[in-house]
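Subject: Structure handover, aromatic contacts

Hello,

Here is the structure for you to take over. Please open it first, then read my notes on its aromatic rings below.

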Amino acid sequence: MVTIMENFPFQRVKTYPSFVVKFTVGALVAVLLTSCTEMAGPAESAGVEIATRNTVFGRTVSGAGCGVGVSRAVALPEFVDMPDAYAGNINDQTTDDMKSWAERIMQLSSRARVSENDALLLKTELLRAAGSNAMQWPSNWSQGEDRPPSVIYHTMETLYPAVIGYAQNKDIFSLQEQEIFENWSGEIVSRVGRTEKIRQWQLDNKKYQYGALLAAQSLVTSDRRGFSQSRRIYETAMRGMRSDGSLPGDTGRGGNALHYSNLALANLVAIAELNFATGTDLYGSPDDPRSIHHAIKFLAQATSNPSLVAGYADTPGWEDGSFIGYSPTRQDRRWADRSSSGWGYYYLARYQNTDAGRQLLAASPFLRLGRSGVHQQSGGNARCNVG
């Protein structure tokens, strides 16, 4: 008997061809099924018990953490037409519009947990983007030094929370609408995966972002190969981690070393969570020095004591990859007090009472205070997702 607690607001259960998506005990979880019969309300079919959508393992979700505000509607750009420059230090309309669109999608995804109207708005926004074939790449996307990684990165971070939001609400899409969205998102994932950059990047938050996106897309399309590839990406990151828990590549980003290390961990936690229900525990033992727990401890410690990362951050050309005003010895530590720490809710749901969990809580006021907010690499409003 497999019990699936779906934390959604609607009192109905939808047939899924192979995957049922659920967010349980603060985790992104997919349970592999052979079939599940559609019916009105909670029921049992083919050995699978489907519980009502407003509880998580018997816990009623109040919705208090889900009621975020909703920003104005912005069309997702037809083309990811970006300048050949480090996007973090310039004003770029395409990037701004992509971030604004993703923010609204995440806000609607959060509110859809307690509002059917917002779920329908989310559906409309996702189908509009898919139907218009948004986020195509211009012919010059691969030209230049900064443009190629920027195009790939912003495409992935925009699509990831959209796929998560779709997965949470797939039951309100008709079969034809599911095909429209999944064909669109699948084409983008495939396009990203074919790039030379994705093949080259190994120890880099952008490669981990691809792993998370691949796992999310695999969730909604029942692609075991995608899950296998995401696991290989995760395992490469763990093998490449230094003995102190620091992540090579991202810790070499000047004043952004902690900023990008945080994004790396957000993506790696996403991969671990999305793979958990396939029977693969990528987290490993909290005492394993070659596990993600060790990396989380380093991030927490270096946030409190940036001198721990300064030596790694001071690499040739670091000025080109730092936000203005930050340097190897003056780290951007804003992640800890922002929704960009939201991935920590998933981790803490499993490991709050470990050394790494306690250090993460101590380092992040955002998590410690139980605040809500949306973040792309966290798949939306993680506080809402944990119930």
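Rings of Phe, Tyr and Trp (its six-membered ring) count as a pair if their centres lie within 6.5 Å; planes under 30 degrees apart are stacked, over 60 edge-to-face, and the rest tilted. On that basis, eight aromatic pairs turn up in a search of the whole structure.

Take W137 and W141. Their ring centres are 4.6 Å apart and their planes stand at 45°, so this pair is tilted. W137 and W141 are both buried (under 20% relative accessible area; exposed is over 50%, partly exposed in between; 1.4 Å probe, protein chains only).

Y345 and F366 make a tilted pair too, with 6.3 Å from centre to centre and 55° between the planes. Y345 belongs to helix α11 (residues 343–351) and F366 to helix α13 (residues 365–368), so the pair ties together parts 21 residues apart in sequence. Helices here are DSSP runs (H or I, at least four residues), numbered from the N terminus. Y345 is buried, at 9% relative accessible area. F366 is buried as well, at 3%.

One aromatic cluster is formed by Y166, F173, F181 and W184.

Charges over rings come next (NZ of Lys or CZ of Arg within 6 Å of the ring centre and within 35 degrees of the ring normal). R242 lies over the face of Y312, 3.7 Å from the ring centre. R253 has its charged end over the ring of Y260, 3.8 Å from the centre.

The model is predicted: local features need pLDDT of at least 70, side-chain atom pairs count only at pLDDT 80 or more, and totals for chains, interfaces and linings use all residues. Residues are numbered from 1 along each chain as its sequence is written, and side-chain values use heavy atoms, with hydrogens and water left out.

Best wishes

How values were computed:
Helices (H or I, at least four residues) and strands (E, at least two) are DSSP runs, numbered from the N terminus.
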